[in-house]
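Here is a short briefing to read alongside the sequence and the 3D view. Have both open, and let's walk through the main points together.

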Amino acid sequence: MSVHFEERSGVVPCKTPWGSWYQTMEEVFIEVTVPYGTSAKEVKCLLGTRNIELHVKGKEIFKGKLFDTTVSDEATWTLEDKCLIHIVLMKTNREAGNCWSSLLEGEFCANAWVQDQMQRKLTLERFQRENPGFDFSGAEISGNFAGGGPDFSNLQK
């Protein structure tokens, strides 16, 4: 469901020196621009539960401890058109309140505006899941959205 919501509503990217990263409730997506003509043999990508490492043509792009845990067996990377690496990480905690503020601990942090937009996006994604008959892709949200938005689970139906 995340993919369809993202296709309709767009993404909130966090720009970095090497590309960008963005997230949904379930996944973290990393896009790394590499020199044209790069081959998969020149890419070394290690994807762990809590750590990540990327080297291209022997040069370290990034290495460190992820902001939160991921399911390493479901992590993938691909090289597109010999110039763009896509990395997809599956979050362990898939709640709207689990909005990563940085890709790595203390590195590649989202600024305050981007973080706010990411949290709003995850809250709208949560609302979409809870209300599948409605389309929240063009909706705006205000008020209590931090931590995934208000909790309506105790309300009687």
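Leu103 is found in strand S9 of this predicted model, and Leu103 is buried, with a relative accessible area of 0%.

**Leu103 and the nonpolar core**
- Setting aside neighbours within four places in sequence, Leu103 is in contact with Trp18, Trp21, Val28, Ile30, Lys65, Leu66, Phe67 and Phe108.
- Leu103 and Ser20 are separated by 83 residues in sequence, yet their C-alpha atoms are 9.7 Å apart in space.
- The largest nonpolar core has 31 residues, and those touching the most other members are Ile30, Phe62, Ile87 and Leu103.
- Two or more residues of this core come from each of strand S3 (27-33), strand S4 (43-47), strand S5 (51-56), strand S8 (84-90), strand S9 (102-104) and H2.

**The chain as a whole**
- The protein chain contains 2 helices and 10 strands, and their order along the sequence is α-β-β-β-β-β-β-β-β-β-β-α.
- The chain has 157 residues, of which 44% are buried.
- If you take contacts between residues at least 6 apart in sequence, 57% of them join residues at least 24 apart.
- The accessible surface of the chain is about 8,700 Å², and carbon and sulfur atoms account for 51% of that area.

**Val43 in strand S4**
- Val43 belongs to strand S4 and counts as buried, at 9% relative accessibility.
- Beyond four places in sequence, the contacts of Val43 are with Thr38, Leu54, His55, Trp77 and Ile85.

**Thr70 in a loop**
- Thr70 sits in the loop between strand S6 (59-65) and strand S7 (76-80).
- Is Thr70 buried or exposed? Thr70 counts as buried because its relative accessibility is 2%, below the 20% cut-off.
- Not counting residues up to four places away in sequence, Thr70 touches Gly48, Thr49, Leu89, Met90, Lys91, Thr92 and Trp100.

**Helix H2**
- Helix H2 covers residues 112-130, and at 1.5 Å a residue its 19 residues should span 27 Å. The C-alpha atoms at its ends are 27 Å apart, so the model agrees with that expectation.
- At the start of H2, a side-chain oxygen of Asn111 comes to within 3.1 Å of the backbone nitrogen of Trp113.
- The buried residues of H2 include Val114, Met118, Leu122, Leu124 and Phe127.

**Cysteines**
- How many disulfides does the structure hold? The count is 0.
- A disulfide is a covalent bond between the sulfur atoms of two cysteines.
- For Cys14, the closest cysteine sulfur is in Cys109, at 7.7 Å, which is too far for a bond, as the cut-off is 2.5 Å.
- Cys14 counts as buried, at 4% relative accessibility, whereas Cys83 is partly exposed, with a relative accessible area of 27%.

Note on methods. Residues are numbered from 1 along each chain as its sequence is written. This is a predicted model: local features need pLDDT of at least 70, side-chain atom pairs count only at pLDDT 80 or more; totals for chains, interfaces and linings use all residues. Side-chain values use heavy atoms; hydrogens and water are left out. Helices (H or I, at least four residues) and strands (E, at least two) are DSSP runs, numbered from the N terminus. The expected span of a helix is 1.5 Å times one less than its number of residues. Buried means under 20% relative accessible area, exposed over 50%, partly exposed in between (1.4 Å probe, protein chains only). A polar contact is a pair of N or O atoms within 3.5 Å; within protein, one must be able to donate a hydrogen and the other to accept it, and residues adjacent in sequence count only if both atoms are side-chain atoms. A nonpolar core is a set of buried Ala, Val, Leu, Ile, Met, Phe, Trp, Tyr and Cys residues joined through side-chain atoms within 4.5 Å. Contact means heavy atoms within 4.5 Å. Accessible areas come from the Shrake-Rupley method with a 1.4 Å probe; for residues, only the protein chains shown count as cover.
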